[in-house]
Amino acid sequence: MTTTEPKRTERFEDNDQKPVGYGRMLRKEDPRFVRGKGRYVDDVQLPGMLHLAILRSPMAHARIVSVDTSAAEALPHVHAVVTGTMLADKGLAWMPTLSNDVQSVLATDKVRFQGQEVAFVVADDRYTARDALELIDVEYDPLDPVMDVRKALDEAAPVVRDEIEGKTDNHIFDWETGDAGATEKVFAKADVVVSEDIVYPRVHPAPMETCGAVADYDAVDGRLTLWSTTQAPHAHRTLYALVAGLPEHKIRIISPDIGGGFGGKVPIYPGYVCSIVASLVTGKPVKWMEDRSENLTSTGFARDYVMRGEIAATKEGKILAIRTHVLADHGAFNGVAAPVKYPAGFFGVFTGSYDLEAAYCSMSAVYTNKAPGGVAYACSFRITEAVYLVERMVSRLADELGVDQAQLRLDNFLRPDQFPYTTKTGWVYDSGNYEPTMRKAMEIAGYEQLRREQEQKRARGEIMGIGVSFFTEAVGAGPRKDMDILGLGMADGCELRVHPTGKAVVRLSVQTQGQGHETTFAQIVAEELGIPPADIDVVHGDTDQTPFGLGTYGSRSTPVSGAAAALVSRKVRDKAKLIASGMLEVSIADLEWEKGRFQVAGDPEQSVTIQDIAMRAHGAGDLPEGIEGGLEAQICYNPENLTYPHGAYICVVDIDPGTAHVTVRRFIAVDDCGTRINPMIIEGQVHGGLTDGVGMALMEMIAFDSDGNCLGGSLMDYLIPTALEVPDWETGYTVTPSPHHPIGAKGVGESATVGSPPAIVNAVIDALRPFGVHHADMPLTPSRVWEAMCGNPQPPI
Amino acid sequence: MQVPAALEYERASDVDHALNLLGRYGDTAKILAGGHSLLPMMKLRLATPEYLIDINDLHDELGYIRIDPTEARIGAMTRHRELLESDELGRMFPIFADAERVIADPVVRNRGTIGGSLCQADPSEDLSAVCTTLAASCVIRGPGGDRVVAMDEFHQGPYETAVGDDELLIELRIPVHPNGSSAYEKVERRAGDWAVVSAGAAVWLEDGVLSDARVGLAAVGPNTNGITAVSEACRGQAPSEELFARAGELAAQHCEPSTDQRGSADYKRHLAKELTVRTLRQAVRRIVERN
């Protein structure tokens, strides 16, 4: 079922105090943020705490000849200087990545990217620690770096990972999906085949808060407490237990307020491990906090896919097949954060929202002398790349056929009666109704009128473009039979306890980084139990306080933990019903649930509220036979499938004919994320993602020179958009609930980041059609747009 | 958090005090004005001064805009925001307001100063291009008194100026000629980024012909540079689209852009031409509209 936006204008109302779950409501966490009372890792102060700073490699590829730490050790207020050799003695010089590769904690044999960790200093304060770094004398023997991903597999290429026995090249893995033979047959008979080389450049999550940790090891009882910037505290705890050999029950990970993650805080970084080692070595709490340059140059990047896209269609405009080959740059260590059976994440959804006859993708992943990562970065595990590919190719096809971009999509959408739909690469889309979403975006945009305006402007020599994209996302990883991270199934726990007075606490395994979990999850429980959201406390981010689960990334919190929160509430409600039947002295069959109360069918005057029941559950009065006291429940939710939100985005750009500067004049985003819990929070997520999309499309890129120097090591060099670069967002929605999710919600965190770059690029290419431009790669800076206008578009790498 | 190296800090109470401190500490000291270039460089440890002499208390003494019939004088501690908000300066030299509107953001403009901007000597800095365009001269005070240096000689390469270790830039002087106007335009990848290229133009009309015209470009050479060939080509000519186009070509020929993350050398050369045409056109239009 799909409902479109109601006619009435939805107004903001504070339903904080109402026993109603869904709807607009101010965020419960915001008062502490707006009053400066948030508590981030860098706010943690412990008695006797020391500070750690990391020495990083200035070179991309070099052998380490010697490391002399004597001068640094001699500096007053320095407590320890630790090198890779010293870690190797403890067996800690290398650690596993999330993709079954290994990564060095501190380099021993050689450095493999600029910014790699070489040594660390522990001192009384962060200034001394930083000063001491300059006194460490490292002699390097420079090696040729592998910087051009296209040459990484050349026979003559230097071998980045020569420490792996028998490794003589930079190959990591080959991966394929779909049916090569069937796809070839469809391409062979197709009237029209279009192909394009498409680069999705390397970008960085660049969260406002950089990564850091405070490690506090208590040698007496063998307990480690680690405050850490992590999106997945439970998964990290298990990994530390496996890597460091500490018993898991003696490790407590606290992820306090987190200033943005975007996937960048999923991996375990060497700095976290160094902090733990430093606390073990010094016997004191140790804080490590990255600076901005360290964050940009060493923590997980995203994208970096060089793609060849091909699309086949009939001359009437029926899309038949899509095929692609991808060259994936994984940097010096394969640190992709994705379920292990999915080395390319969920790139397999590159078939998009269309009814195809065949599809095929082959991929080669390689090592280069760049920072490792390949994190989610607001991409639902590589769906950003997949959607960009298919949406560029569909617009490219429209261009070739001479048909309208929006119409071509409307003509090829999956139909509502095809859901659940199994794609040619094996993904089962749970539900979808694409046409109303697309029509709604076109209606808000005034699509026909925009096309007329464009025609008139072209006649006057002005450059205006309209870009369309339509995405289907796959979020909420995932079913444990298919999805795990290093053997940990991607299920999430939830505990709910209703106190005697009817207030409640819900404990989650997912971890907010700004998404508003403390509000959304309170609303989910409120909707199920009829307790006002204000009366529900949400606890998360502390492994001692919450049940096990895999954390927040890939838009999985609402699809997985949201389901857990709803189901655990229903478990509590079921018990409450038993108690209510005793209180009202009627059989269960005669009870009706009215939000917040059970009432006798046909006699609504006779009722008990959930608060009455909570008091009875904890009180001295009788409970029905066999019912224990208390009103609480626990659950571990294993999703049966992913959820598949979708959306239609339309972008309008103007380009200055003289300077080639692109202005995003309008952006229309119509999202369908199923049941909407808090529309204000959804809009906030969408606004942020769209802004992110403008950044990637127009300005963001982590570039390197041929020597391997990172050219994006500060926010003066790595540009992030400001309010001046983005228009007033025009958003709308449709609602197609997920059939398998208990409340029909689908997840929305990454939708806008996934959907917006192709809309913007499609708009720029549409604008440049009179110049004969068919494709130009991101970032579409004025210079790169001008080159395209001059008939000479250049790939960014 | 990026942490600078250890340093000593002293706050100067007046110009003499500042000069005194400079005399004592010489090249181990740096002057702190707005700090929006110096402090980031210190945090990145690209600058590691042993002494920091804060001259923000000199704003009373050096924060002024005085315009008389032959000359405008601007104190070195005049802040961007004051330049932007000065109606008098805006009427006389609209190039200032044009430039200030595209310099960074209000937070930076509240602190940054014209003296600090010029002394940073960044090749892409906007007020340097403005002062180059307007043929400003720089008053430098040292132990031996004041000396005046023309803009062309003030910058001596990227991040290098004519100001000695024991000297302080205290004032900018801009000649005022009748019936002139000016304009500024910048292309940047994002608000607050350094210019890809920017151009300033100043023109003076007499009996329908240009008595003088000046164009200053930023980010296309080691320093902001005035394009004398444009002045020569324009003097004595009636303003026209053809003349602007020729001036644009000359500007493109007489600059030295290099390829970097902000853009290719070819694109920057193209912008030198395009922005020269636009600013000349706008400056002339302003005179025509005023009359």
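## Domains of chain B

In chain B, 18 residues of domain 2 are in contact with 19 residues of domain 3. Two elements each give two or more residues to the side of domain 2 that touches domain 3: helix H6 (94-101) and helix H9 (126-133) of chain B. H9(B) gives the most to this side of domain 2, with 6 residues. Sorted by class, the side of domain 2 that touches domain 3 holds 9 nonpolar, 6 polar and 3 charged residues. The model described here is a predicted one.

The domain assignment divides chain B into domain 1 (8-52), domain 2 (70-174) and domain 3 (194-290). Taken over C-alpha atoms, the centres of domain 2 and domain 3 of chain B are separated by 20 Å.

## Overall form of chain B

Chain B contains 13 helices and 12 strands. For its 291 residues, a compact globule would have a radius of gyration near 19 Å; the value for chain B is 19 Å, so the two agree. The C-alpha trace of chain B spans about 55 × 45 × 30 Å along its principal axes.

Of the 291 residues in chain B, 49% are buried. Among contacts in chain B with a separation of 6 or more, 63% are between residues 24 or more positions apart.

## A sheet in chain B

Five strands of chain B form an open sheet in the order S4-S5-S8-S6-S7, and their pairing is antiparallel. Strand S4 (65-67) and strand S7 (145-150) of chain B stand at the edges; each has a single partner strand, so one side of each is left without a neighbour in the sheet. From one strand to the next, the twist averages 20 degrees.

Ile65(B) has Ile74(B) in S5(B) as its bridge partner. Helix H1 (residues 15-25) of chain B lies across strand S6 (137-142) and strand S8 (168-175) of chain B, and runs at about 125 degrees to S8(B).

## Ala47 of chain B

Ala47(B) sits in the loop between helix H2 (38-43) and strand S3 (51-54) of chain B. Is this residue buried, exposed or partly exposed? Ala47(B) counts as partly exposed, because it has 18 C-beta neighbours inside 10 Å, and a buried residue needs 20 or more.

With neighbours within four places in sequence left aside, Ala47(B) is in contact with Lys30(B), Leu38(B), Met41(B) and Met42(B). Met92(B) is 45 residues from Ala47(B) along the chain, and the C-alpha atoms of the two are separated by 37 Å.

## Overall form of chain A

Chain A has 797 residues, for which a compact globule would have a radius of gyration near 28 Å; the value for chain A is 27 Å, which agrees. Its secondary structure comprises 18 helices and 33 strands. Along the principal axes, the C-alpha trace of chain A spans about 85 × 75 × 50 Å.

Buried residues account for 58% of the 797 residues in chain A. Of the contacts in chain A between residues at least 6 apart in sequence, 79% join residues at least 24 apart.

## Met147 of chain A

Met147(A) lies in the loop between strand S9 (137-142) and strand S10 (171-178) of chain A. Met147(A) is buried because 20 other C-beta atoms lie within 10 Å; the cut-off for a buried residue is 20 or more.

Which residues does Met147(A) touch, not counting those up to four places away in sequence? They are Thr368(A), Asn369(A), Phe704(A), Ser706(A) and Gly708(A). Asp707(A) is 560 residues from Met147(A) along the chain, yet their C-alpha atoms are separated by 7.7 Å.

## Contact between the chains

Between the two chains, 25 residues of chain A are in contact with 20 residues of chain B. Three helices of chain A, namely helix H4 (126-133), helix H8 (292-298) and helix H18 (782-789), each supply at least two residues of the side that touches chain B. By class, this side of chain A has 10 nonpolar, 7 polar and 8 charged residues.

Conventions: Residues are numbered from 1 along each chain as its sequence is written. Chains are lettered from A and ligands numbered from 1 in the order in which they are written. This is a predicted model: local features need pLDDT of at least 70, side-chain atom pairs count only at pLDDT 80 or more; totals for chains, interfaces and linings use all residues. Helices (H or I, at least four residues) and strands (E, at least two) are DSSP runs, numbered from the N terminus. A residue is buried if 20 or more other C-beta atoms lie within 10 Å of its own, exposed if 12 or fewer, and partly exposed in between; C-beta atoms are placed from the backbone. Two residues are in contact if their C-beta atoms, placed from the backbone, lie within 7 Å. The radius of gyration is taken over C-alpha atoms; the globule rule is 2.2 Å times the number of residues to the power 0.38. Ala, Val, Leu, Ile, Met, Phe, Trp, Tyr, Cys and Pro count as nonpolar, Asp, Glu, Lys and Arg as charged, and the others, Gly among them, as polar. Two strands pair if DSSP finds at least two bridges between them. Axes are lines fitted to C-alpha atoms, for helices over the stretch in contact, and angles run from 0 to 180 degrees between N-to-C directions. Domain bounds come from an automatic or database domain assignment.
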